[in-house]
Amino acid sequence: MDRDEKRAIAWECQRILTKFCLFNDRKQSDDLANLFTPDGVWLRLGKSLTGRENISKAMEARPATALHLHLLSNVFVMVTDADQAEVTSYKSIYYDAAGESLDKPIPLNGPKWVSVYTDKFVRTDEGWRIARMEGTTLFEGEPGP
Amino acid sequence: MDRNEERAIEWECQQILTRFCLYSDTRQYDKLVDLFTPDGVWHRLGEALAGHEMLRTAMEARPLEAMSRHVITNVLVTVIDADHAESISYKSIYRNEEGELLEKPVPLNGPKWVSVYADNFLRTDEGWRITRKEGTTLFEREPVP
């Protein structure tokens with residue numbers, strides 16, 4: 001595979017992760033679940049979520065008042081072959097448990113979490129999709145005042 | 001339009017937003033204003049800045065001693081057609097009111113603001129340009145005592 005093809009795949013996978021953050025932050029749970037393959041797995045907070053329905057349900061179970069903003073950076077895509085890729089990325093996650101119900105802007109105390117992610121992507125008829133996602137939280141901020 | 005063409009547009013629009021941050025942070029206001037179409041509108045702090053003259057006047061009113069860095073992430077460009085696109089992006093804005101006058105590095109307490117931006121783009125003879133920009137500040141750091 002030449003660099004043009006690899007660059008195209010890298011861009012597509014990065015775009016999926018950017019959508020993942022946006023749909024997550026906007027609580028578009030079904031749109032988020034559809035970024036995974038039908039049997040995709042998300043290892044989240046010590047629990048294995050398998051399949052789009054379980055992923056969507058776990059997202060819907062989050063408190064409606066919580067405001068999240070997932071800032072994505074350091075996306076490194078390693079293309080395995082024409083149909084598979086492995087991606088590492090960093091996320092800085094801003095959070096307020098009651099944020100959705102508060103006037104904006106709300107008080108800021110830096111990111112609540114800084115995490116690293118390792119994701120496996122596969123090419124499908126719908127485009128590139130996440131087959132497996134795993135995040136590890138490295139830093140956690142103290143509760144604000 | 002195929003994905004190769006869309007990807008090229010996504011890249012061009014992302015570059016425009018990156019230049020917007022650079023020109024804002026380095027006070028290159030002629031260049032910043034030229035990123036907008038002649039009738040482009042920026043909805044900024046509750047005011048609609050319409051056209052290059054209003055945009056430049058608002059920029060030139062920024063205090064000279066204040067230092068800012070707009071860190072852009074999560075740029076998701078969606079191509080509407082061959083000449084139109086829209087994007088969502090996140091910005092973490094670092095700021096020190098007297099930063100330009102002080103020795104570097106200046107003290108840091110995390111970003112002052114974290115914001116979400118929506119932009120619309122139009123293809124022109126000069127390249128892709130912003131027709132409409134609107135930002136919403138979600139988080140704001142309290143002044144440090």
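# Reading strands, an interface and a fold

Reader: In β6(A), Val122(A) has Gln84(A) standing opposite. What kind of model is this, and how are residues, chains and ligands labelled?

Author: The model is predicted, so local features are given only at pLDDT of at least 70 and side-chain atom pairs only at 80 or more, while totals for chains, interfaces and linings use all residues. Residues are numbered from 1 along each chain as its sequence is written, with chains lettered from A and ligands numbered from 1 in the order in which they are written.

Reader: How many bridges join β4(A) to β6(A)?

Author: Strands (E, at least two residues) and helices (H or I, at least four) are DSSP runs numbered from the N terminus, and two strands pair if DSSP finds at least two bridges between them. Here β4(A) and β6(A), residues 113-124, run antiparallel and are joined by ten bridges.

Reader: Which residue is the bridge partner of Val79(A) in β4(A)?

Author: The partner is Ala85(A). That pair belongs to β3(A) (residues 67-81) and β4(A) (residues 84-96), antiparallel strands joined by twelve bridges. β3(A) and β4(A) make a hairpin, with two residues between the strands.

Reader: In which sense do β5(A) and β6(B) pair?

Author: The sense is parallel, over three bridges, with β6(B) covering residues 127-141. One bridge there puts Pro107(A) with Glu140(B).

Reader: How many residues of chain A are in contact with chain B?

Author: A contact means that the C-beta atoms of two residues, placed from the backbone, lie within 7 Å. By that test, 18 residues of chain A meet 18 residues of chain B. On the chain A side, α1 (3-25), β3 and β5 (106-108) each give two or more residues. α1(A) gives the most, with six. By class, this side has 13 nonpolar residues (Ala, Val, Leu, Ile, Met, Phe, Trp, Tyr, Cys, Pro), two charged (Asp, Glu, Lys, Arg) and three polar (the others, Gly among them).

Reader: What is the pattern of chain B along the sequence?

Author: Chain B has three helices and six strands, in the order α-α-β-β-α-β-β-β-β. Its radius of gyration is 16 Å, close to the 15 Å of the globule rule for 145 residues, so chain B is as compact as a globular protein of that length. The radius is taken over C-alpha atoms, and the rule is 2.2 Å times the number of residues to the power 0.38.

Reader: What share of the contacts in chain B with a separation of 6 or more comes from residues 24 or more positions apart?

Author: The share is 56%.
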